[in-house]
Amino acid sequence: MALIRLVSAADSQGGVLRAGRARLPDDAFVVRCGLPPFRGRPLFTACDDHPDGVYGFSVQCAAALSVEQLVSACRNNTVGATTVARIRDMGFDVVPTSGQWWHATVVVPKGWSQAESERLSLLFEPISNPAARR
Amino acid sequence: MRLISADFNAMTEAGHVRLTLPCSREDILRMGLGPGDWAWLSDSEVLVGAQLAIDDRYGLVGVPDWDTLVHLDEEGADDFNRVSAALNLLLNGEPPSIEEEPRILELLTQSEHVAPPQIKDALPGTFAFRRALALRRMGKLGLALLEIEDARRFRPDDPEVVFVHLDLLRLEDFPAAVAEAETVAGSPSVPALVLSACINILATQAEQAAADQFEPAARRVLDWCRRLDQAPDREQAGESLLALSHFNRGLVLLRAGRVSQAREAFEHAYRIYPVGPMLHEVAGLQTYDRHAREIARNVRTLAERWVPTRPVAV
């Protein structure tokens with residue numbers, strides 16, 4: 001079977017680093033697909049080094065978008081929603097990073113604890129996703 | 001089920017799932033998977049079939065086939081009785097239409113997910129086997145092969161499972177199908193149903209063989225056809241598959257220049273299974289030429305529907 005090698009859109013556009021983009025406003029919504037507090041995929045095990053140079057877990061977030069718009073990126077029937085401000089209040093940050101739709105990364109320190117990740121997961125409120133993508 | 005923990009939030013611009021997260025890496029390492037392999041990705045709420053690939057920017061990714069999406073978080077999906085009732089309604093009535101197969105795939109997977117251990121233990125490989133049939137009908141051959149291999153691990157001697165495995169290998173990985181057919185047919189007690197699949201594979205190989213390689217392949221096809229003629233359980237192969245074996249015998253004889261024997265085999269095939277104009281046309285073949293090869297291809301395509309499927313109650 002032939003080795004499958006893909007070239008991402010980011011690379012085809014010259015590997016633009018998106019982490020340097022404008023800071024997300026505090027009132028921007030943050031959506032993570034899945035039922036909070038994400039027991040099926042705990043935040044602690046969902047972190048990695050994003051190619052844009054940050055460490056953390058993936059979410060959907062963009063300025064001036066409603067929760068409904070962000071949720072439309074998800075296939076899960078329930079999603080978690082919070083705001084950038086609440087995440088920053090806990091000492092973390094959210095930055096736009098390359099990926100599908102309005103991909104962003106909640107940036108956390110590499111040595112963060114499981115307890116911290118569980119506390120952060122409690123910020124996300126469950127929202128039903130009536131238009132879960134099929 | 002070959003399952004990789006995945007996070008569907010971590011998607012590339014192309015819509016591929018990044019598999020560089022610790023939870024994914026652990027599963028991939030444990031199962032020794034790499035680019036080109038098929039697997040199921042799941043965040044424990046939704047599950048989807050995907051082929052692994054390398055993305056130059058993101059590293060290992062899964063390319064999901066969203067036609068195979070299963071919602072484990074659907075309302076009622078955690079109720080085994082409800083899910084199995086819906087499934088049995090689809091499986092035990094009229095043969096399901098192709099449009100119903102994605103829902104069957106979903107219900108099978110939901111059902112296996114919540115089935116009590118005693119049910120899973122009593123039906124080893126059943127969910128995987130029926131999933132393979134659904135995926136085959138949906139044209140998802142890579143995932144179908146993955147599932148039938150899973151079913152065969154649990155039911156290595158089940159003739160239906162081995163038949164479907166050989167047939168999927170024939171469609172997806174022909175050299176592997178030839179090797180497997182030779183191994184399986186090497187056993188003197190191979191069931192007739194399985195032998196019919198082996199004959200179909202080897203006859204296809206004989207058809208494709210260069211002139212100097214045709215004779216040994218043809219000899220083997222004819223030998224296996226004779227074994228099938230004498231098999232005490234040959235009725236279990238069903239009329240359509242017995243007819244296909246006679247058709248394969250006829251085609252090999254035609255290429256060998258034994259025209260009258262070939263026509264006899266074709267006529268025998270048509271007598272056993274006089275369904276559709278194709279086999280009738282076959283009976284008129286006199287020379288092994290492009291037209292004969294085209295008919296052979298069409299008959300094999302037609303025969304892909306002749307998969308033994310018994311109702312599966314869960």
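In which sense do strand 6 and strand 7 of chain A pair, and over how many bridges? They pair in the antiparallel sense over four bridges, and the views below take a closer look. This is a predicted model, in which local features need pLDDT of at least 70 and side-chain atom pairs count only at pLDDT 80 or more, while totals for chains, interfaces and linings use all residues. Residues are numbered from 1 along each chain as its sequence is written, and chains are lettered from A and ligands numbered from 1 in the order in which they are written.

View 1. Strands here are DSSP E runs of at least two residues, helices are H or I runs of at least four, and both are numbered from the N terminus; two strands pair if DSSP finds at least two bridges between them. Strand 4 (residues 55–61) of chain A joins strand 7 in the antiparallel sense over five bridges, with Gln60(A) bridged to His103(A). From strand 6 (residues 93–96) of chain A, Asp93(A) has Val107(A) as its bridge partner. Strands 6 and 7 of chain A form a hairpin with six residues between them, and Gly99(A) in the turn has a positive phi of about 155 degrees.

**View 2. Confidence along chain A.** The average pLDDT (the predictor's confidence in each residue, from 0 to 100) is 86 for chain A, and 82% of the residues score at least 70. Take care with residues 7–19 of chain A, where pLDDT stays under 50. Where pLDDT is low, the predicted coordinates should not be read in detail.

**View 3. Helix 11 of chain B (residues 238–255).** Its 18 residues reach 26 Å from first C-alpha to last, close to the 26 Å expected (1.5 Å times one less than the number of residues). Helix 11 of chain B is largely enclosed by the rest of the structure, because 15 of its 18 residues are buried. Just after this helix, Gly257(B) takes a positive phi of about 85 degrees.

**View 4. Where domain 2 of chain B meets domain 3 of chain B.** Domain 2 spans 74–155 and domain 3 spans 157–303, with bounds from an automatic or database domain assignment. 14 residues of domain 2 are in contact with ten of domain 3 (C-beta atoms, placed from the backbone, within 7 Å). On the side of domain 2 that touches domain 3, helix 6 of chain B gives the largest share, eight residues.

Methods. Contact = placed C-beta atoms within 7 Å. Buried ≥ 20, exposed ≤ 12 C-beta atoms within 10 Å, placed from the backbone.
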